[in-house]
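Hi there,

Here is the structure I promised to pass on to you. My notes on it follow below.

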Amino acid sequence: MKNSRMTRGAGILLSVTSLPSPYGIGTMGKDAFRFVDMLVDLRQKYWQVLPIGPTSFGDSPYQSFSAFAGNPYLIDLDILIEEGLLRQEEVDFYQWGDQKDDIDYQLIYENRFEVLKSAYERFDTKQKAFKDFCEENGEWLEDYSLYMAVKNEMNGREWLSWEEGLRDREKETLDRYRESLKKQILFWKFLQYKFFEQWTALRKYANKNGIQIIGDIPLYVALDSADVWANRSEFKLGQDGRPTEVAGCPPDAFSDDGQKWGNPLYDWDKMEKDGYAWWQRRMKANGNLFDIIRIDHFIGVARYYSIPAEDVNARNGKWNKGPGKKLTDMIEKTLGKNRIIAEDLGVAVPAVKKLLAKTGWPGMKILLFAFDGNTANEHLPHNYEDGNLVVYAGTHDNETVVGYFRDKTEYELAFLYEYLRIEKKDEIPDAIIRCAYGSVADIVIMQMQDLLKLGNEARMNFPSTVGSNWRWRTLRDSLSEERRTWIRTMTLLYRR
């Protein structure tokens, strides 16, 4: 069944963590509202964010402790000061990092929760609004708060190494921990209450100003998460809770060994029996957070790649049939129309194209992939079969436009110059933005880094590496008035 289409428009991709703030990482405070104002000024319609769940080791928003919870780092401290839950001198006592355009996650990890504990100490947990929130979200909040409280008690150890009764969720053991960690469990609930309160206010402000928020959810969840610990039967796990096979992708042009991500695989047959109830809850929760949801690694819905858990690389994996239309039908039924963007990049799997055609959901095109000299390249705008698409210059996993083309020779760039009708390298960023805006694609999304013409020093993520990713932040008022005028002109010129 074909969808009606999404509204033609343009937007900016910027992680909430990348916003300016005095406290080391972007939050849902003043600068987030200011960013919405800027989108309005630039005549944009969309703000795309990266996943907003609580992050674990490596700081990747795609490896979260929960598919339902929000990231406590994003809670704005100034708002807590205004509410009387914190004092300015308490917040100023801690170090938040020296660099305004970088996130020092180690510092944030060490200091953020200390400050938030002070706010919790002053918070009245008996108030009705808090109790109502805990009740309405109890289905995931109970398990998540217990999981985080235990995890902290165990110095961050993964649940697979917890004592057997706790690992296997024996009632007696769970009750014992619920009792002994009562105060800590309430702290984790308080953090979620504040997160959702602030997010709701921000989204309301965006919507009131005509901005839709595009959220991003990973297809898979992390093994070390409340989701897997509390719902073991939904995943392909052995008796001891360890995965028997894990997710990844096969060897390709970028990697001889393929990629072994290590995420546990869903037991789709088992999930189908209860109508994908866990997925229903997940989509409903995300549907309440975002206007539109981009499903990362959508390929895995049509066909998924499974790798024996004990293998060191992804070479011996095999393709399996995914839930396909049964799952997409349920998602549409849960969310309604025009709510999904499918990230259909990567391995060419014909089944994905077929499934996308059946759903009518828009897929993605990336202009960084377009200029290899092949005029039939599917990412070139003249090959877009219709406008039911979202086009990007690049995403969080790619180099920036400036970085990508920096070392290319004039010979390699000849086709691009001809196609974009330009003559010099420094004309590329604007020509690519113009090319995207002028295309038939319903939605165009540009990374903030590309609007600012920044190099790879501002790259968000380098896949398969750990340590220096997800750290970039934009500075306040980084777009000059001249730049804003140009973006506004493009938006109006191409009816975005």
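**A strand and a helix**

Strand β6 (residues 292–295) is covered on both faces: I292 and R294 on one side, and I293 and I295 on the other, are all buried (under 20% relative accessible area, with a 1.4 Å probe and protein chains only). Strands here are DSSP E runs of at least two residues and helices are H or I runs of at least four, numbered from the N terminus.

This is a predicted model, in which local features need pLDDT of at least 70 and side-chain atom pairs count only at pLDDT 80 or more, while totals for chains, interfaces and linings use all residues. Residues are numbered from 1 along each chain as its sequence is written, and side-chain values use heavy atoms, leaving out hydrogens and water.

β6 runs parallel to strand β3 (residues 212–217), joined by four bridges; two strands pair if DSSP finds at least two bridges between them. R294 is the bridge partner of D216. Strand β9 (residues 340–342) also pairs with β6 in the parallel sense, over three bridges, and there R294 has I341 as its bridge partner.

Now to helix α20 (residues 481–493). Its buried residues are R483, R484, W486, I487, R488, M490 and T491, and they pack against α1 (30–41), α18 (428–437) and α19 (448–451), where contact means heavy atoms within 4.5 Å. Just after α20, R495 takes a positive phi of about 50°.

R496 lies in the segment after α20. The side chain of R496 reaches the backbone oxygen of Y437 at 3.0 Å.

Enjoy exploring!

Notes. Buried means under 20% relative accessible area, exposed over 50%, partly exposed in between (1.4 Å probe, protein chains only). A polar contact is a pair of N or O atoms within 3.5 Å; within protein, one must be able to donate a hydrogen and the other to accept it, and residues adjacent in sequence count only if both atoms are side-chain atoms.
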